[in-house]
Each structure stands twice: as structure tokens, then as C-alpha cells.
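Dear colleague,

I am passing on the structure we spoke about, and below it you will find my notes on what turned up when I went through it. Please read them with the model open beside you.

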Amino acid sequence: MQIFSGSFKTVKIVGQHIISALSNHMLKKFNNHSRRQLSYLIRSHKESPDNFFKMMRTYVNKPSVKAIIDFLRCKSTFKAALDHINYNTTDNYLYEQFVYWINAYARKDTSAPLIDFFSGTQTLNSVCKDFIKFCFSQNIMLDKTKTLYSFNYHNQLSDDVVKKELLSISPKKTLHLLGFGLDTGDYEKSLADFLITQNKAQHVYLYGFDPYAAHGEGIHYLTEKQLKNTNLQFDIVIARWVLHHIPLKQRWSDFIRCINRCHSQAMVLIIEHGFINNKSVLPIEKKFYHVLNAFFDIVANIGLRPHYFMHSMPEIGKNFFIDYLKPEDFSMIKRNVSINNITQSIYNIGPNFPHQTICCMRTYK
Ligand SMILES: C[S@@+](CC[C@H](N)C(=O)[O-])C[C@H]1O[C@@H](n2cnc3c(N)ncnc32)[C@H](O)[C@@H]1O
């Protein structure tokens with residue numbers, strides 16, 4: 001297994017030389033930064049949750065349930081901390097909405113589930129359900145386009161890896177791509193266009209599996225039963241920001257079945273977040289990272305796909321589930337698929353919060 005850390009454009013040198021390694025987008029931001037922010041940007045070019053914890057410790061240096069709740073209850077301090085952690089949060093619609101909603105939730109009298117989560121008597125999933133109910137009870141409404149645009153930097157980081165991997169596949173006349181938990185499949189469509197323009201295929205057939213999707217045009221959606229019984233074979237399987245939403249009982253069976261349905265020389269791409277490998281991180285800090293990550297995920301999903309929560313009306317958010325993957329889950333997948341010859345490359349790509357990890361698997365039957 002190969003493990004790569006940091007952005008693809010990362011270089012190990014600091015100072016002036018790093019400028020040549022920055023993308024245009026970053027360069028523009030870079031020029032706008034004050035000297036203090038600039039030095040932080042240089043230090044944090046290898047973006048990871050480690051930087052999140054380093055910075056958080058300057059704001060909550062003795063983490064306790066009370067200190068964390070107090071920190072969340074002070075909107076300006078919390079926003080300032082986020083701006084220090086990620087250079088891209090300033091003027092970012094989604095981060096602003098996230099700060100607003102988490103602060104409102106922490107300040108309400110009944111924020112007991114959050115306190116109970118930190119104290120260990122509530123799961124991440126149950127506090128998330130309570131947060132969802134709170135947001136909808138307060139008539140949350142987000143702008144889809146602005147939410148989508150807020151992900152530009154995340155997408156830029158993941159595209160660097162995903163497209164580099166896709167460029168390494170051998171050309172075929174037609175490719176069969178399955179989006180696992182793809183919703184409308186806009187991302188999968190953009191990758192299909194990329195593969196065609198790069199002469200990797202003349203046509204890409206798009207398939208989808210997602211029980212709560214708003215069906216997108218041009219995608220052949222499969223039910224669970226169809227997925228079990230299909231004779232289709234896939235060349236590419238993509239699960240972006242999905243697996244942590246699938247209840248543990250069914251998470252691996254459905255996904256591993258899809259991998260077993262792959263052609264020889266297929267590619268499986270998993271884009272996930274939430275891994276914390278740093279042993280010095282305290283359990284309460286880990287919980288803090290996970291609850292922030294999950295609430296960010298919820299606010300983003302409300303912005304992008306409110307139907308995901310409305311699907312179970314009158315009970316809002318009934319289908320929503322969250323439990324982050326563990327790093328060892330990737331090796332577990334490899335052990336449990338029925339394909340002997342499979343390689344994995346893992347990329348930790350940032351930003352500092354919420355961080356993304358990509359696992360690219362290649363099958364050789
Ligand atoms: C965060 S969204 C990601 C959507 C899309 N992959 C993207 O990158 O924009 C999570 C998706 O997982 C889907 N999902 C939830 N539970 C699922 C399950 N059991 N099996 C497959 N997909 C599921 C949801 O409907 C939702 O579309």
C-alpha cells in the first residue's frame with residue numbers, strides 16, 4: 001500500500017519557492033494575505049487534521065466539555081479559529097452558515113445532547129439527529145449554488161488526485177462507471193466528460209446506486225435488488241463522501257459486492273474524511289473534530305440536497321446516518337473482496353478541516 005500525504009502540488013521547500021507550487025486560485029489568496037496569515041499558509045501547505053488540533057489548542061488549551069461548549073457559544077472566537085485553521089474559510093458561504101448553526105445549537109437551552117455526546121452518553125449519530133431536528137425547527141434554508149461553490153477548494157484538492165489516477169487507466173471504447181451514493185451524479189458526469197476528452201473512452205455508461213437520490217438525467221439507477229442480481233461489470237466505481245453515511249450493518253456488503261462486480265483492471269475510488277492518526281490527540285479532541293465534521297456535513301447536505309432529510313417526512317432526517325470510517329477499513333475491504341490481485345494507494349489531501357482522504361484501488365483479475 002502506498003500512502004501519500006499533503007496536496008499534490010506540495011513541495012518540501014518553504015519561502016519563495018513554494019509560490020511556484022501553488023495553483024492560481026491559491027496564489028490569488030496568497031497575495032491577499034497579511035504577513036501573519038502568509039506564514040501560516042506556508043507552514044500549513046501540508047494540510048491535515050494535525051494543523052486543526054495544533055490551532056484548536058491555542059483556543060481551547062485545556063479541553064473539557066465546558067471549555068468546548070463555551071468556545072462554540074462564542075461565535076466570533078469560533079469563526080476566528082476556523083479562519084486560522086483553513087485559509088479558505090473567509091467569505092466562504094458554507095463555513096459562515098456552519099458557524100451560525102453550530103453556534104445557535106450550542107447556545108440553545110436544550111443543547112444537552114451535545115454535552116452528553118462529549119460526556120460519552122450519546123453517539124455521534126444521535127447528536128446529529130438532534131442537530132438536524134433543531135435546524136429544521138428553525139426553518140433552515142440554504143442557497144444551493146453558494147453551497148456548491150463553497151466546495152471549490154475541496155474539489156480542487158481531490159480532483160488533483162482523482163484525475164491523476166483516472167489518467168492512468170488504459171483506454172477502452174466504452175467504460176462502465178458506477179457512482180455509489182451519487183445522488184444526482186453531477187460529479188460522475190463531470191468525470192465521464194473528463195475521461196472522454198482525455199481519450200480514455202468514446203462513451204461512458206453511467207450507473208448509480210443511491211436509495212435517497214434525486215435522480216439525475218442520463219444515469220441508470222439500480223435498486224439494491226438489481227445491484228445484487230445484475231450481470232453488469234464496472235470499470236470504475238466511485239464512492240464520494242458516502243460510506244460514512246451507510247449504516248454499519250449494510251455498509252460493507254453492498255460496497256464489496258460492487259467491487260466484486262468489477263472488470264479486470266478496474267479502478268475503485270473512495271473519497272472520505274475524518275481520519276485522525278495522531279496518537280497525541282485526546283479522546284475529547286477527537287470527539288470535537290468528529291462532531292464539527294459531522295455538523296459541517298449536515299449543513300452542507302441541507303444546502304445541496306434537502307431531499308435527503310425530507311425523504312422520510314414527517315420524520316425529518318430519519319434516513320440520515322453518520323459514523324466515520326477508520327483507517328483500517330481500507331485494508332479490511334482489500335481482505336474481503338473476492339479479487340486476489342488488488343492494490344491500494346491512500347492520499348491524505350486536506351484541507352485542515354474537514355480533511356479528505358482518498359483510497360484508490362486497482363484490480364488485476
Ligand atoms: C454527502 S452525499 C454525497 C453525494 C455525492 N456522492 C457527491 O459527492 O456529491 C451522501 C449520499 O449518500 C447517499 N446514501 C445514504 N445512504 C446510502 C446507502 N445506504 N447506500 C447508498 N447511498 C446512500 C445519500 O442519498 C447521499 O446522496
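A residue is called buried here if 20 or more other C-beta atoms lie within 10 Å of its own, with the C-beta atoms placed from the backbone. By that criterion, 39% of the 365 residues of the protein chain count as buried. Please keep in mind throughout that this is a predicted model.

As for the overall fold, the protein chain has 17 helices and eight strands. Among the contacts in the chain with a separation of 6 or more, 74% are between residues 24 or more positions apart.

Turning to the strands, β2 (residues 174-180) and β3 run parallel and are joined by seven bridges, with L175 of the one standing opposite V204 of the other. Strand β3 itself, which spans residues 203-209, is mostly covered, five of its seven residues being buried. β3 is also joined to strand β4 (residues 220-221), again in parallel, by two bridges, and here G208 stands opposite Y221.

Which residues have the most contacts inside the largest nonpolar core? That core has 48 residues, and the ones in question are L177, F180, V237, V268, L269 and I358. Strand β6 (residues 262-272) gives the most to this core, contributing seven residues. For L269 the partners can be listed: leaving aside residues up to four places away in sequence, L269 touches V162, E165, I238, I358 and C360. Apart from this core lies another, of 43 residues, which includes M56, I85, C128 and F131.

Finally, the ligand is surrounded by 16 residues, of which the closest are G181, D183, Y212, R240 and W241. Sorted by class, the shell around the ligand comprises 10 nonpolar, three polar and three charged residues.

With best regards

Technical notes:
Residues numbered from 1 in each chain as written. Predicted model: local features only at pLDDT ≥ 70, side-chain atom pairs only at ≥ 80, totals over all residues. Helix = DSSP H or I, 4+ residues; strand = E, 2+ residues; numbered from the N terminus. Buried ≥ 20, exposed ≤ 12 C-beta atoms within 10 Å, placed from the backbone. Contact = placed C-beta atoms within 7 Å. Near = placed C-beta within 6 Å. Nonpolar A, V, L, I, M, F, W, Y, C, P; charged D, E, K, R; others polar. Pairing = 2+ DSSP bridges. Core = buried A, V, L, I, M, F, W, Y, C linked by C-beta atoms within 7 Å.
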